[in-house]
Amino acid sequence: MPSKKALIRRPSPRLAEGLVTHLERDKVDVGLALEQWEAYAEALRTHGWETIEVDPADDCPDSVFVEDTVVMYKNVALITRPGAESRRGETAGVEEAVASLGCSVNWIWAPGTLDGGDVLKVGDTIYVGRGGRTNVAGVQQVREAFEPLGARVVAVPVSKVLHLKSAVTALPDGTVIGHIPKVDRPSLFPRFLSVPEEAGAHVVLLGGPKLLMAASAPKTADLLADLGYEPVVVDIGEFEKLEGCVTCLSVRLRELYA
C-alpha cells in the first residue's frame, strides 16, 4: 500500500548562515522563515500527509533542507554523505527517524558524496545529478544500492544550479519539467516540458492532480492549471534566498511497507 509520510525538520536559529553557491547572499529573516516553514508543513498535512519532525540540528544552518540527507527507494533509505562537509552533521537525526519507521538503512561512504537534492525519481528511473555536491563515486553507490531492487540509475550533468532538482522535477505522468536556461541536457529526459520560471521547475506531488509549488512561479502555476493540475501554492521566499525550493524542505516516503 502507498504511504503518505513526510519527514520535515525545523529551521535552525542559524538559518541565515546557510550556504549559497549560485546566488548573491541576501539577508534572511529567520522569524519569517519559521512562519513559512510552518505553513509549508500545514499544506502537506492538509493534503493527507503525515508529517514526521526529525530532531532539530540547530548547529547546522542548512538542516531545514532535510531532503539532502536521505534518498528513499521503495523501503530502502540511503543516508547521504553531503558534498558540503559542513552539512555532514545533519544525517544522524534523519538516520534515526527512517530507522524508526522500519526502513532498511544504507549509507554513502567516502570518497562518495551525494546530496538528496540531486536525485529525481520518475517511476523506476532514478536520475542523479553529477557536478555540484554529488560526485562520480556517489552516483556509483546509488547504482549499487538501488539497481538490485529494480531501479535504473541515469547520471545527469548539473552545472547551472545547485542540485538536479533545482533545475527539474517531474509531473505525476512522468513528464520532467524545467526552466530551459537552468537545464544542462533536456534531451536526456524522454518527455520534457519547458516552464517559464526557474521556481516553476519545482513541484511536490501531493496526490492526484495536486502539486505543491512556490508562490514565486505564478506563470507556471497557470500553465500547469491549464494542463489539468491543481497547484497548491506556498510562500517559501526566505528559503529561496538560500537556493531552497519546495522539494528540499521534506522527504516524501511513498512506499513504506506496512
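**Pockets, cavities and their surroundings**

Author: Let's start with Lys74, which is partly exposed at a relative accessible area of 30%; buried means under 20%, exposed over 50% and partly exposed in between, with a 1.4 Å probe and protein chains only. The model is predicted, so local features need pLDDT of at least 70 and side-chain atom pairs count only at pLDDT 80 or more, while totals for chains, interfaces and linings use all residues. Residues are numbered from 1 along each chain as its sequence is written, and side-chain values use heavy atoms, with hydrogens and water left out.

Lys74 has a phi near 55 degrees, a positive value in a residue other than glycine. Its place is the loop between S3 and strand S4 (76-79); helices (H or I, at least four residues) and strands (E, at least two) are DSSP runs, numbered from the N terminus.

Strand S3 (70-73) takes us to the largest pocket, as it is one of the elements that give two or more residues to that lining. The others are strand S6 (119-122), S9, strand S12 (204-207) and strand S15 (251-253). A pocket is found on a 1 Å grid over the protein atoms alone, as an open set of points with protein on both sides within 12 Å along at least five of seven lines; a cavity is a set of points where a 1.4 Å probe fits but cannot get out, and lining residues have an atom within 4 Å of a point. The largest pocket has a volume of about 770 Å³, where grid points are joined across faces, edges and corners and the volume is the space filled by probe spheres set on the points. Its lining has 34 residues, and closest to the centre are Lys121, Val122, Leu205, Arg252 and Arg254. By class, this lining holds 18 nonpolar, seven polar and nine charged residues; Ala, Val, Leu, Ile, Met, Phe, Trp, Tyr, Cys and Pro count as nonpolar, Asp, Glu, Lys and Arg as charged, and the others, Gly among them, as polar.

The loop between strand S5 (104-107) and S6 holds Pro111, and a cis peptide bond with an omega of about 10 degrees joins Ala110 and Pro111. S9, for its part, belongs to an open sheet of three strands in the order S9-S10-S11, with mixed pairing; two strands pair if DSSP finds at least two bridges between them. Strand S9 (168-170) and strand S11 (192-194) stand at the edges with a single partner strand each, so one side of each has no neighbour in the sheet. On average, neighbouring strands here are turned by 30 degrees against each other, direction ignored; the axes are lines fitted to C-alpha atoms, and angles run from 0 to 180 degrees between N-to-C directions. Strand S10 (residues 176-178) and S11 pair in the parallel sense over three bridges, and Gly178 has Ser194 in S11 as its bridge partner.

Next comes the second largest pocket, with about 290 Å³ of space. Fifteen residues line this pocket, and Leu23, Glu198, His202, Glu240 and Glu243 lie nearest its centre. Its lining divides into five nonpolar, five polar and five charged residues.

Although not a glycine, Glu243 has a positive phi of about 65 degrees.

The lining of the largest cavity is made up of five nonpolar, two polar and five charged residues.

Glu17, in the loop between strand S1 (5-9) and helix H1 (30-46), is partly exposed at 46% relative accessible area. Glu17 and Pro61 are 44 residues apart in sequence and 5.8 Å apart in space, C-alpha to C-alpha. Gly131 lies in the loop between strand S7 (125-130) and helix H3 (136-146), and is partly exposed too, at 43%.
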